[in-house]
2 protein chains.
Amino acid sequence: MSRTVADRAAAIAAVAEVFREHGFEGASLSAITARTGLGKGSLYYFFPGGKEEMAEAVLAEIDGWFTRAIFSPLRDDADPEAAIRRMLRETDSYFRSGRRVCLIGAFALGDTRDRFAARIAAYFAAWRAALAEALMRANRPEASERAEHAVLAIQGALVLARALGDQAVFVRALERLERELLAE
Amino acid sequence: MSRTVADRAAAIAAVAEVFREHGFEGASLSAITARTGLGKGSLYYFFPGGKEEMAEAVLAEIDGWFTRAIFSPLRDDADPEAAIRRMLRETDSYFRSGRRVCLIGAFALGDTRDRFAARIAAYFAAWRAALAEALMRANRPEASERAEHAVLAIQGALVLARALGDQAVFVRALERLERELLAE
DNA sequence: GTCTATACAGCGATAGAC
DNA sequence: GTCTATCGCTGTATAGAC
């Protein structure tokens, strides 16, 4: 069994890493075949729509993960403060303390924004709304403002950490956010 | 005179917009010839090193602009508070209140980071250091922390504003920064 | 389902006339 | 300095055998 990837779900995860590292334009089909271990034929069998469909699938998968791990708890957890702390913990772990880039944020900056505008906007709007909801439930003032600022700070921290090659920037930003978000 | 671009300096400005809109990989030579009005021959006459040299020139030009308009005043202006306000004003205007993307930030997220790592890191480090210097001269506490947070928040605001297609996000972020930076 | 072979368009870059 | 023509390569995508 020399196959690297067994099914569509595993293929999506592999493709996601290629997009994350090279962006949409930069992710060549040959890079994708190399990473997934699938030939072009198999790739087009799973994703008849080509690269565009692969990117759609990747965005949907990321959105699903964040919804389950972060957005839903922020909206529904009986303890909103705990959900906020969980958000920060999961965010740190998902982005590998700043070593990993946000694919959706990167897509937002490039040509890709127009192509996937709806998905990109929905992801960030959902994050901001869920966090605002948790802050309101936790009786913190200026919930919307704090939520928007937190989402934006996470994206900025990823940019700056990568630009400076210093993941400590990201870790510091999350620590600051914990203080700011939960302050009375 | 059907020429669009008369000299190297004007060519750099035109090329910068193409990189800003399409990224490094996405900026095809034919898009660049279209925007500059120069044929490939002329382009390679100005930039013998091809796309890589064009990008170098663009990064240097942006770095120079920020140094003159923002970083130097932050370091040297006799009134550091005025320099900080000027930074926020120039930042708003440079990024067209969030409609324009930060080319250097976008480069930092992609494959391009490794290629231009030194320039990218230098730009952000200079901004952070100059702002910290101004905050210290203005006797504000936690100057380094505030400066890092401000630089990161500007980048994040650009990402989020573009992702949501809502420049108000960027404007709000700058207003918040003015309050936070200048608070005693 | 997976592979190899291939089509063909577009890429970055160069040559050389003007 | 600027242009057009062209090179060689890689890109996405498809066809068809297995």
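This is a predicted model: local features need pLDDT of at least 70, side-chain atom pairs count only at pLDDT 80 or more; totals for chains, interfaces and linings use all residues.
Residues are numbered from 1 along each chain as its sequence is written, chains are lettered from A and ligands numbered from 1 in the order written, and side-chain values use heavy atoms, with hydrogens and water left out.

**Stop 1: the interface**

Show chains A and B together. The contact (heavy atoms within 4.5 Å) takes 38 residues from chain A and 38 residues from chain B. About 3,300 Å² is buried between them, and carbon and sulfur atoms give 64% of that. Buried area here is the accessible area (1.4 Å probe) that two parts lose on being put together, summed over both. Now select A:Leu109, A:Leu152 and A:Arg162. These residues supply 20% of the area that chain A buries against chain B, more than any other three residues.

Next, look for charge pairs. The rule finds four salt bridges across the interface of chain A and chain B. A salt bridge is a side-chain nitrogen of Lys or Arg within 4 Å of a carboxyl oxygen of Asp or Glu. Zoom in on B:Glu148 and A:Arg172: their closest N and O atoms are 2.9 Å apart, and they form a salt bridge.

Color the helices of chain A. Helices (H or I, at least four residues) and strands (E, at least two) are DSSP runs, numbered from the N terminus. H9(A) gives the largest share of this side, 15 residues.

**Stop 2: the annotated span**

Select residues 28-47 of chain A. UniProt places the feature "DNA-binding region" there, in an unreviewed entry. UniProt positions follow the numbering used here, feature names are shortened, and annotations may be inferred rather than shown by experiment. The span is 75% helix and 0% strand, and its end C-alpha atoms lie 15 Å apart.

**Stop 3: salt bridges within the chains**

The structure holds 32 salt bridges over all chains. Start with A:Arg8 and A:Glu53, whose closest N and O atoms are 3.9 Å apart. This pair links distant parts of the chain, with A:Arg8 in helix H1 and A:Glu53 in helix H4 (residues 51-76), 45 residues apart. A:Arg8 is partly exposed at 33% relative accessibility. Partly exposed lies between buried (under 20% relative accessible area) and exposed (over 50%), with a 1.4 Å probe and protein chains only.

Switch to chain B and pick B:Glu81 and B:Arg85. Their side chains meet in a salt bridge (3.5 Å, N to O). They are four residues apart in helix H5 (residues 80-94) of chain B, so about one helical turn separates them.

Back in chain A, select A:Glu81, A:Arg85, A:Arg140, A:Glu178 and A:Glu184. A network of salt bridges links them.

**Stop 4: B:Thr67**

Finish in helix H4 (residues 50-76) of chain B, where B:Thr67 lies. B:Thr67 is partly exposed, at 26% relative accessible area. Then find B:Trp127, 60 residues from B:Thr67 in sequence and 8.4 Å away in space, C-alpha to C-alpha.
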